[in-house]
Amino acid sequence: MLSIIEQIKQGKLWDFHGGIHPAENKALSSKQAIKAAGIPQELILPLKQHIGSRGDIIVNIGDYVLKGQPLTQGDIAMCVPIHAPSSGTITAIEQRTTAHPSGLTDLCIVIATDNQDTWCHATQYPDYQDRDPAELIEAIRLAGIAGLGGAGFPTARKLQGGLGNVDILIINAAECEPYITADDRLMQDYADEVIEGIRILRHIISPKLTLIGIEDNKPDAIKALEACVNEDDNIIIRVIPTKYPSGSSKQLVKLLTGREVPSQARSTSIGVIMQNVGTAFAIKRAIVNGEPLIERVVTLTGEAFKQRGNVFALLGTPIAYLLEKFDYKADKKYPRVIIGGSLMGFTLPHANVPITKITNCILTPKRKELPLHTYEMACIRCSACADACPASLLPQQLQWYAKDKNYDKCEEYNLSDCIECGACAYVCPSEIPLVQYYRQAKAEIWERKQDEMSAERARQRFEAKQQRMDRDKAERENRFAKAATDRRQHMATAGGDDAVAAAIARVKAKQAAATDTATPTIKPAVAAAIAKAKAKQAASVSEEAIPDNSEMAALRKQRKLQAREQKAAKHAELMQQQTVTEQPPEQASDKKDAVAAAVARAKARKAAQQAQSTTETQPAVDAKPTTEVDTDVAVDPKKAAVAAAVARAKARKAAQQANKVQPNIEEE
């Protein structure tokens with residue numbers, strides 16, 4: 001039985017499941033040679049233009065950079081740098097919209113060009129045959145080369161993984177996507193450089209066989225390649241039937257070798273490595289000419305373009321610049337600018353989006369040229385999508401689960417094997433945008449996996465910390481136990497167990513002394529105050545125990561005194577009345593005043609006595625009187641004193657008047 005390589009050399013071809021034959025529309029842009037797009041006033045360079053991590057920025061705002069100067073750097077294989085496509089000044093490092101189906105922004109470096117296009121120093125390897133493959137792989141990585149076929153996988157990483165593991169090198173020249181002719185024109189105009197890049201790849205990988213897979217709808221490119229290949233190259237140009245998506249990596253491997261790439265695996269796992277035609281051209285420019293990846297071929301096509309064709313566009317060139325320069329006339333009802341072909345491309349939110357390493361086509365169709373399907377109908381279960389799927393998947397079930405957000409089922413039905421070729425959506429009679437559902441589901445699954453990975457890393461860090469803490473604790477305990485054992489052994493040899501008992505006794509004595517010193521001492525003055533307080537408290541308790549009748553006795557004494565005074569006052573009033581009736585009016589009035597004075601003096605004496613008795617029996621009378629007496633007796637000592645003073649004044653006045661009247665009486 002012949003080996004795979006022998007069958008390939010004999011011209012055997014295989015086939016893959018499904019596939020479609022859409023309108024190619026390649027003649028719109030494949031008739032003219034590649035032209036230079038020119039230098040725009042501003043270049044917008046996203047930091048991430050490939051699969052993998054982006055590099056670290058090594059320039060600042062305001063720096064002047066030369067053409068080919070690196071702007072980022074990275075020390076891992078999945079990180080490739082970006083370079084200045086032209087000389088100029090860095091004006092901003094900010095978020096800008098990038099060429100991605102999400103339409104989101106990413107960090108970009110903005111360069112204002114000076115139109116001088118001044119080159120920096122370049123490292124060339126014209127003698128690459130004498131160089132070590134590892135050195136050439138590093139040179140390819142530093143040149144910033146990633147897969148230009150659309151995937152954007154770092155070329156150096158792919159080559160490094162294929163060293164010693166592959167026996168077949170495949171150059172993908174199929175370019176099956178409708179409208180796109182970038183690789184076709186590149187092979188027609190620069191076939192010698194493409195073949196030279198393939199020779200560099202052969203020197204690095206050393207495969208047993210090299211194949212160039214190209215569709216039969218590119219006769220001019222086939223002739224150009226055959227003219228540049230010689231017998232020593234050991235390169236076979238294999239023409240394959242035109243069928244979409246024969247340019248996909250897994251499908252082209254199946255067509256040329258009959259080998260099938262396993263699910264969620266790469267072609268290197270079956271001994272095959274694949275590179276794009278544009279990637280081979282970029283490798284030749286990087287190794288032989290010392291030029292990093294700063295430009296690529298872009299197809300400008302669609303009826304809205306007046307000047308169609310292929311151009312060398314600097315990376316970072318705004319698409320708006322290309323639209324203006326090549327006479328873009330937008331459709332009046334449905335103006336659209338699509339990056340990529342009609343099946344795998346996506347519509348841009350606006351035209352101020354830059355060209356990147358994976359941008360191979362700008363399509364500007366009119367409404368009649370490429371109808372705009374906006375109405376999604378119900379699935380009729382016709383199975384046309386399953387018949388057309390080149391990956392042998394079940395698009396109908398995947399769409400159901402993706403729409404229902406049942407991502408576990410999506411993974412169970414191998415959603416990751418979907419190449420997003422759009423064949424299922426192309427044949428769907430219900431116009432269901434299947435690829436959009438798949439892209440959204442893939443993004444959600446990827447995000448969930450990233451969260452799970454983050455949680456797993458956090459769990460591992462926590463467990464590692466706990467183990468480290470437990471280990472440190474065990475080491476401390478072992479160290480203390482060993483020290484205690486050594487100490488006991490030393491004490492046993494020195495003084496036996498008595499030494500241990502003595503040490504314990506000394507510790508207890510120290511603890512007792514510390515407890516005694518910790519007890520606070522009471523000063524003599526404080527002790528005396530405490531004793532006085534306790535004595536007063538005891539006295540108050542004893543006084544409260546014996547009944548006190550002194551207050552009642554004072555009240556009885558006061559009532560008796562008041563009764564005597566009232567009796568004396570009544571007697572004085574009776575005597576006054578008798579005297580008034582017996583004496584003349586003048587004498588009666590004088591007597592009346594004298595009696596009033598006597599009464600006032602009596603009231604004053606009573607008030608003074610009452611106040612004195614009250615102060616003796618109740619020391620807190622100033623605060624509040626405790627006993628009520630008759631209305632004639634004032635309780636407040638101040639009022640009683642005032643009343644007494646008034647009475648004395650009246651008595652003196654009455655005495656003076658009596659002295660004045662008495663001589664008159666005697667004279668009569």
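Between which helix and which strand does the loop that holds Arg336 lie? In this predicted model, select helix H9 (319-325) and strand S14 (338-339), and Arg336 will be found in the loop between them.

Turn next to Leu370, whose backbone oxygen is reached by the side chain of Arg336 at 2.4 Å. Leaving aside residues up to four places away in sequence, the residues that Arg336 touches include Tyr328, Leu363, Thr364, Pro365, Lys366 and Arg367, together with Leu370, Pro371 and Leu372.

Now move to the largest nonpolar core, which has 82 residues, and display those with the most contacts inside it: Leu71, Ile111, Ile212, Leu225, Ile287, Ile319 and Ile362. Helix H5 (residues 191-205) supplies the largest share of this core, eight residues. Centre the view on Ile111, which touches, among others beyond four places in sequence, Leu43, Leu45, Val65, Leu71 and Ile90, as well as Gln41 and Glu42.

Finally, colour the chain by pLDDT, which averages 84 for the protein, with 87% of the residues scoring at least 70. Select residues 616-635, where the pLDDT is below 50 and the stretch has 20 contacts in the model beyond near neighbours in sequence; then select residues 661-668, also below 50, with two such contacts. Where pLDDT is low, predicted coordinates should not be read in detail.

Conventions
Residues numbered from 1 in each chain as written. Predicted model: local features only at pLDDT ≥ 70, side-chain atom pairs only at ≥ 80, totals over all residues. Heavy atoms only, no water. Helix = DSSP H or I, 4+ residues; strand = E, 2+ residues; numbered from the N terminus. Polar contact = N/O pair within 3.5 Å; in protein donor to acceptor, adjacent residues only side chain to side chain. Contact = heavy atoms within 4.5 Å. Core = buried A, V, L, I, M, F, W, Y, C linked by side-chain atoms within 4.5 Å. Buried < 20%, exposed > 50% of the residue type's maximum accessible area, 1.4 Å probe, protein only. pLDDT = per-residue confidence, 0-100.
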